[in-house]
Amino acid sequence: MNRGRDTHRATPAALEVRGLNVYYGASHALQGVDLSLPSGVLSVVGRNGMGKTTLCNAIMGMVPSASGSISFAGQPLLGRPSADIARMGLGYVPQGRRLWRSLTVDEHLKMVEQKGGSWSSERIYTTFPRLAERRRNGGAQLSGGEQQMLAIARALLANPRLLVMDEPTEGLAPVIVAQVEEMLLRLADEGEMDVLVIEQNIGVACAVADRVAIMVNGQINRIVPARELAADRDLQQRLLGVGRHAHDDTPEPSAPAEAGAAAPEEASGPIRIYLSNPRTPTRWSRPVPVPQLERAARVVTTGPLAASSVEAQIRPLAGPGEQVVLVAGTLDTKGAELRYMRDLIRAAGLPVRMVDLSTSGGHSGAEIPAHQIAAFHPRGAAGVFTNDRGRSVAGMTEAFRRWMARQDGIMGVLSAGGSGGTAIVAPAMRLLPVGVPKLIVSTVASGEVAQYVGPADITMMHSVADVQGLNAITEEVLGNAAQAMIGMVEARRNAPERAPAKPAIGLTMFGVTTPAVQQVTAELGEDYDCLVFHATGIGGQSMEKLIDSGKIEGVIDLTTTEVCDMMFGGVFPATDDRFGAVIRRRMPYIGSVGALDMVNFGAPDTVPERYAQRIFYEHNPQVTLMRTTPEENTRMGRWIGARLNEMEAPVRFYLPEGGVSLLDAPGQPFHDDAARHALFTALEDTVRRTSTRQLIRVPQNINDPAFSATIVAAFREMHGGTRPTRRKEARR
C-alpha cells in the first residue's frame, strides 16, 4: 500500500535535509544528517539519545544549526524564527505534549483554529470522540492519551502542509496507540498533508509509512522499506535493540558469496552451556568454583537447520505486475494439508506463496514465515508469541489482518483449519476487495458462519472429516478446494475486459420499502449501476464495506431499519459502525427512516418474553415484526442524529410524514402518529442543521411516487445534475 503520493513529481520535496550539523556545546548531536521526504509519510526510528528530537527541533527552528541546509517545499528554513516556520505551513507535535494546564480542550482548539481550513474543531471532535467528551476539562485534567490527542489536534487545526510528530505514541496505552496509528494511516491515505513521524514503536513506524529512516549516533544510518524492517528482527536488534553498543551498531551486510562457493558448514552435535553466576552476585560474592560450574552446565544437541525448498525472503510479496495466490494457515498443525493444496495450485502453473500463521514460534519453511506476520502486530512479535493460546490466536489474527491490509498483488487466498485457524484468516480475507477469490475449508463451515464471512464474499467449504492429516476424505475435499481456487483465479485472469462501467450507487431496501427503491432505481438505472442491499444487518455492512473500498460513489440509504434490531434485540442488527463508511469517506449522503417502525424476530415463539404485550405482525411463519414505541423511536432518533452530526459532506435526510413503511401507512397495522412524531422530533432536536446538513419533512409515505421523485431530484442535484461520465472498471 503506497503511503505517499507521486514521488516523481516535478515540485520540490516536502522536506529536504542536507549535511545538517547541530552541536550542544562540545557535543556533536547531529552529524551531517541527510534526509528527504518527497511526499507522503516517512518514519524515523532510533534509540534514545540518537538525535531524533534534535532533528525535529532543528527543522522547527528551535535549536541553531552549525551547518547544512533544511528546505520545506523548496524554501530554506535555517535562520528563520519558529513562528515564521509555522506560518509557512509546518505543524509540530512535540514530545511531552506541552499543553496549558489551565486551558480547557475547547479553549486549546479555538485558540489555533483557522476559519475556512479543512480541519475544524468539529472535525477534530469527530476524529477524536474522547476529546468531545472532555471538551470542558483543563489540560491538567486529561489522561496521557487524551493529552496526546489534544497535542495532535492542536497541530492539525493549523492545517499544515507538513506535520512533524515527535514520539506521538510515547507512554500511551495500547488502545490509544492503535487510535493514533489509525489516525496517521488516514492522514496518509487522504493525502492532505505530508508527515514526518519520529517513533520508537517499530510497529507504528512501519505501519504508517512505506519507508523508515534509522538514526544511529546522530546520523541517518540507512533508509529501508517498512515491510523489510518489520520482518527483519535481526536488523531491529542490530540497530535498535538493547544490549548492543553504538560502535558496533552499524555493521554492513556481508557481500554475497560467489556462485558455486560452498556455504560454511554449521556445527552440529552436543554443546555445553555454562552459567557463570548460578546465584545473583553481590559485592561480597566469591568466585564460583570451576567444578560447580561444570556440574551446573546444560548440554544441548544442535544440528544444521533444514534448508527450505523455497526461497523464504520474498519481499515484496509479488514482483511488479505479478499476482500470486496465497495459501495461509497454521503450518505447525495443518502443514501437510496446506502444502497438499499449495502443490495442486503450483502444478496448475499459478504462482503461489505459503503464509505461516502458527503461534508456536517454530520455523516452517514458508515463504512468508510466522515471525514476519507477527511483526505487524502493534506490539510486534511479543503480542503474538505468548504462553497463552487464546492471546496468541488473537494476536496472530490482528497481525495477519494488518499484514493483509498492506499487501498488493493478491489474486486469491485459500486456507484450511479448525475454528481457531478459521478465526485467524477470516478477518484478513474480509479486507480484500469483492471479487478476489477467498475460500476456507473449515470444520465449522456447516454451522453458523456469519461471524467469519461478515459482509465479504468468502466461500466456506465443510471439511467433512477434521482437518487433521491426509486421508481418502480430506484429500477429496482439499483437492476440490484447490481446484475451485484455480478455476476462480483462471476465470478472472482470462475474463475479457469489461465495458466502461456506470458509476455505482448503493441503496438499502426492505420488503416494506421495496416500491420506493424500485421507483428510484427505475429513474437512475440508465445512468448509474444501482446496487440494492437487503437491510438484514449483513446487507448494510456489505454496502458500507463497498463504500470503504471506494467501489460505491453515491448512496441512497432509504432503509435504516437495522438500527431498530441493533438497539432492541432483533435478528437483523446493524453494528455500532452503521453510517461509519459514509463518515470516513466524507461522501454526500441521502437517507431516510425506512422501516424504523419495526423490530424483526423469527417465528412467534422466539420473541423475547419482555415484549409479550406489544403489537406484532406476522410477515411469514418464520418472520415476526414488532411495532416500535414512541420511547424507542426517541432513542433511535437521537442515535441516528448523532451519527448524522459526524458527517462532514452534504447530508439530506428525509422524514416522510405519511409513514415510514408499507405497514405504517394510514389504515395499516403499524400506523402510529405518536411514534412517528417522537422519531422526527428526536432527530430534529439532535441534528445540528447547517446549510449542508439538512433534515427535510415531506408529506408523503416513503413508498409514494412523489417521495421517490424528491429523492431522485435531490440525488441528481447533489451529484452535479448531469449524466455521469462512464469509467473503466478497476479490478484488483
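Predicted model: local features only at pLDDT ≥ 70, side-chain atom pairs only at ≥ 80, totals over all residues.
How are α14 and α15 oriented to each other?

**Entry 1: α14 and α15**

I took helix α14, residues 389-405, and helix α15, residues 419-430, and found that their axes come within 7 Å and cross at roughly 25°. Angles under 35 degrees count as roughly parallel, and α14 and α15 are therefore roughly parallel to each other. I noted the handedness too: α14 passes α15 in a right-handed crossing. On the α14 side I listed Val393, Met396, Thr397, Phe400, Arg401 and Met404 as making the contact. From α15 come Gly420, Ala423, Ile424, Val425, Pro427 and Ala428. Sorted by class, the contact of α14 with α15 has nine nonpolar, two polar and one charged residues.

**Entry 2: α22 and α23**

Next I went to helix α22 (residues 630-645) and helix α23 (residues 673-686). Their axes come within 7 Å and cross at roughly 30°. That makes α22 roughly parallel to α23. I logged a right-handed crossing where α22 passes α23. The α22 residues in the contact are Pro630, Asn633, Thr634, Gly637, Arg638, Ile640, Gly641, Ala642, Leu644 and Asn645. Facing them from α23 I have Ala674, Ala675, Ala678, Leu679, Ala682, Leu683 and Thr686. The class tally for α22 with α23 is ten nonpolar, six polar and one charged residues.

**Entry 3: the four-stranded sheet**

I traced an open sheet of four strands in the order β2-β1-β4-β5, with antiparallel pairing. Which strands stand at the edges? They are β2 (27-37) and β5 (75-76); each has a single partner strand, so one side of each is left without a neighbour in the sheet. I then looked at strand β1, residues 15-24, and found eight bridges joining β1 to β2, the two running antiparallel. In that pairing I marked Val22, which stands opposite Leu30 in β2.

**Entry 4: the three-stranded sheet**

Another open sheet has three strands in the order β22-β24-β23, again with antiparallel pairing. Its edge strands are β22 (598-601) and β23 (616-620), each pairing on one side only. From one strand to the next I get an average twist of 25°. Asn620 stands opposite Val623 in β24.

Which phi did I note for Asn159? Asn159 has a positive phi of about 50° although it is not a glycine. I placed Asn159 in the loop between α6 (144-156) and β7 (162-166). Phe579 is also not a glycine, yet its phi is positive, about 75°. Phe579 sits in the loop between α20 (562-568) and α21 (580-585).

**Entry 5: confidence**

I left the scores for last. The chain averages a pLDDT of 82, and 84% of the residues score at least 70. Over residues 242-270 the pLDDT stays under 50, and there the model has 29 contacts beyond four places in sequence. Residues 299-315 are also below 50, with 31 contacts in the model beyond near neighbours in sequence.

Conventions: Residues numbered from 1 in each chain as written. Heavy atoms only, no water. Axes fitted to C-alpha atoms, helices over the stretch in contact; angles between N-to-C directions. Parallel < 35°, antiparallel > 145°, perpendicular 65-115°, else oblique. Left-handed = near helix turned anticlockwise from the far one by under 90°. Contact = heavy atoms within 4.5 Å. Nonpolar A, V, L, I, M, F, W, Y, C, P; charged D, E, K, R; others polar. pLDDT = per-residue confidence, 0-100. Pairing = 2+ DSSP bridges.
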